[in-house]
Amino acid sequence: MLLALAFLASYHACMNEENVRTRNIFDPADGQHPFKLSRSKLEQFLQCPRCFYLDRRLGIERPDWPSPTLNIAVDQLMKREFDLSRGKGEAHPLMQLYDVEALPLQHPDLAQWRDAQRGISFLHEPSNFLFFGAVDDVWVDTDGQLMIVDYKATSTVAGASVDLRGKDSYKRQLEMYQWLFRQNGFAVSPVGYLVFANADRGRDTFDGRLEFTLSVLPYQGDTDWVADALVEAKTALMKEELPMPHPTCEWCGYRRIARNVEQPMN
C-alpha cells in the first residue's frame with residue numbers, strides 16, 4: 001500500500017534543496033574518520049538500499065512519521081516498572097510468570113545504553129562504521145549471560161497470542177543489539193525477549209483508559225549476518241550510482257508513480 005497522501009507535502013519539502021540534510025553525510029573520500037551509523041539506518045539499508053543511499057549519502061531523508069507518543073509512553077512506563085524490580089534485585093512478576101530465570105541487569109552504563117544518541121557502540125574496522133544502538137532493557141540469566149530485551153506496544157485482535165511471525169525487523173533489532181554487546185566483550189545469551197503490551201480493543205467503552213495484556217516472547221537470535229551487512233552497506237555508499245530500490249519499498253514506489261505522473265505535466 002502506498003504512503004498516505006498526508007506525507008505528500010513533507011516529501012516535497014524534503015526534496016527542496018534548502019532542506020537537504022548536510023550533517024552526518026557519508027563522504028567516500030574520507031577514509032580516516034569513522035562514520036557513525038545507527039541500528040535503525042542499517043535496518044533501513046536492509047529494507048531498501050536506495051532509501052539508505054539517498055539518506056546517508058545525499059542527505060535526502062524519508063518523510064517523518066507522526067511521533068508514536070503512545071508507544072513512547074508505554075516504553076517509558078515499562079522501563080520504570082522493571083527498574084523498580086531492578087532496584088530491589090528481584091525478578092519482575094512478568095519474568096516469573098513466563099519462567100524467565102533471570103534478573104534485570106544492574107550496570108552503571110545502563111542509562112547510556114538506553115540513550116538514543118549514545119547507546120552502545122562499536123567501531124567495526126572493515127567498514128569503518130561506528131555502529132551503535134539503544135536498547136530498552138537488559139536482563140542477566142543464572143549463568144551470567146546478558147539477555148537483550150525490547151518493549152513493543154501494539155493493539156491486535158490476536159491478543160495474548162501475538163507472536164513473531166512476520167516480525168523480521170523486530171528479530172533483526174534484537175540480533176543487532178546482541179552483536180553490539182558481544183563486540184563490547186559481554187557474554188550474551190542467544191535468547192532475547194520481546195515484551196509486548198497489547199491494548200485491548202474489545203472493551204465496550206473507553207472510559208479514558210487503555211487496558212493492556214502483557215506477553216513475553218523469547219527469540220533465539222543469529223548474529224552471523226551483522227558484520228557482512230555493515231560491509232555491504234559501506235560498499236553501497238562508496239558507489240557513485242543509486243542502488244536498485246527494494247521491490248516492496250513504499251517510498252520508492254511513491255516516488256516512481258509521482259515521477260511518471262509529473263514528467264508529462266512539466
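What percentage of the 266 residues in the protein do buried residues make up? Buried residues make up 42%, where buried means under 20% relative accessible area, exposed over 50%, and partly exposed in between (1.4 Å probe, protein chains only). This is a predicted model, in which local features need pLDDT of at least 70 and side-chain atom pairs count only at pLDDT 80 or more, while totals for chains, interfaces and linings use all residues. Residues are numbered from 1 along each chain as its sequence is written, and side-chain values use heavy atoms, with hydrogens and water left out.

**Overall build**

- The protein has nine helices and eight strands. Helices (H or I, at least four residues) and strands (E, at least two) are DSSP runs, numbered from the N terminus.
- Along the principal axes, the C-alpha atoms fill a box of roughly 65 × 55 × 30 Å.
- Of the contacts with a separation of 6 or more, 69% come from residues 24 or more positions apart. Contact means heavy atoms within 4.5 Å.

**Strand pairing**

- Two strands pair if DSSP finds at least two bridges between them.
- Strand β2 (residues 102-104) pairs with β5 in the antiparallel sense over three bridges. Ala102 stands opposite Asp141 in β5.
- β5 and strand β6 (residues 146-154) run antiparallel, joined by four bridges. Val138 stands opposite Ile148 in β6.
- The hairpin of β5 and β6 has four residues between the strands. There, Gly144 takes a positive phi near 85 degrees.
- β6 and β7 run parallel and are joined by six bridges. Val149 has Tyr193 in β7 as its bridge partner.
- β7 and strand β8 (residues 212-220) run antiparallel, with nine bridges joining them. Val195 has Val216 in β8 as its bridge partner.

**Enclosed elements**

- Four of the five residues of β5 are buried, so β5 is largely enclosed by the rest of the structure.
- In strand β7 (residues 191-199), eight of the nine residues are buried, so β7 is also largely enclosed by the rest of the structure.
- Helix α3 (residues 49-56) is mostly covered, with six of its eight residues buried. Those buried residues are Cys51, Phe52, Tyr53, Leu54, Asp55 and Arg56.
- The cover over the buried residues of α3 includes β1 (35-38), α2 (39-47), α8 (226-238) and α9 (250-265).

**Nonpolar cores**

- A nonpolar core is a set of buried Ala, Val, Leu, Ile, Met, Phe, Trp, Tyr and Cys residues joined through side-chain atoms within 4.5 Å.
- The largest has 35 residues. Leu42, Phe131 and Phe181 have the most contacts inside it.
- A second, separate core of 16 residues includes Val74, Met78, Val149 and Val216.
- Leaving aside neighbours within four places in sequence, the contacts of Phe131 include Leu37, Leu42, Ile120, Phe122, Trp179 and Leu230.

- Asp141 is found in strand β5 (residues 137-141).
- Asp141 is buried yet has no salt bridge. Its nearest side chain of opposite charge, Arg182, is 10.0 Å away. Lys and Arg count as positive and Asp and Glu as negative; His and the chain ends are not counted.
- The side chain of Asp141 reaches the backbone nitrogen of Asp143 at 2.9 Å.
- Leaving aside neighbours within four places in sequence, Asp141 is in contact with Glu101, Ala102, Met147 and Ser189.

**Salt bridges**

- Side chains of opposite charge can pair when their charged atoms come close.
- A search of the whole structure finds 17 salt bridges. A salt bridge is a side-chain nitrogen of Lys or Arg within 4 Å of a carboxyl oxygen of Asp or Glu.
- Arg172 and Glu43 form a salt bridge, with the closest N and O atoms 2.6 Å apart. The pair links distant parts of the chain, 129 residues apart: Arg172 lies in helix α7 (residues 168-183) and Glu43 in helix α2.
- Arg172 is partly exposed at 22% relative accessible area, whereas Glu43 is buried at 6%.
- Asp55 and Arg56 meet in a salt bridge at 2.7 Å, N to O. Asp55 is buried at 1% relative accessibility, and Arg56 is buried at 6%.
- Arg118 and Asp115 meet in a salt bridge at 3.3 Å, N to O. Arg118 is partly exposed at 43%, as is Asp115 at 26%.
- A network of salt bridges links Asp83, Arg86, Arg114 and Asp137.

Note on methods
Polar contact = N/O pair within 3.5 Å; in protein donor to acceptor, adjacent residues only side chain to side chain.
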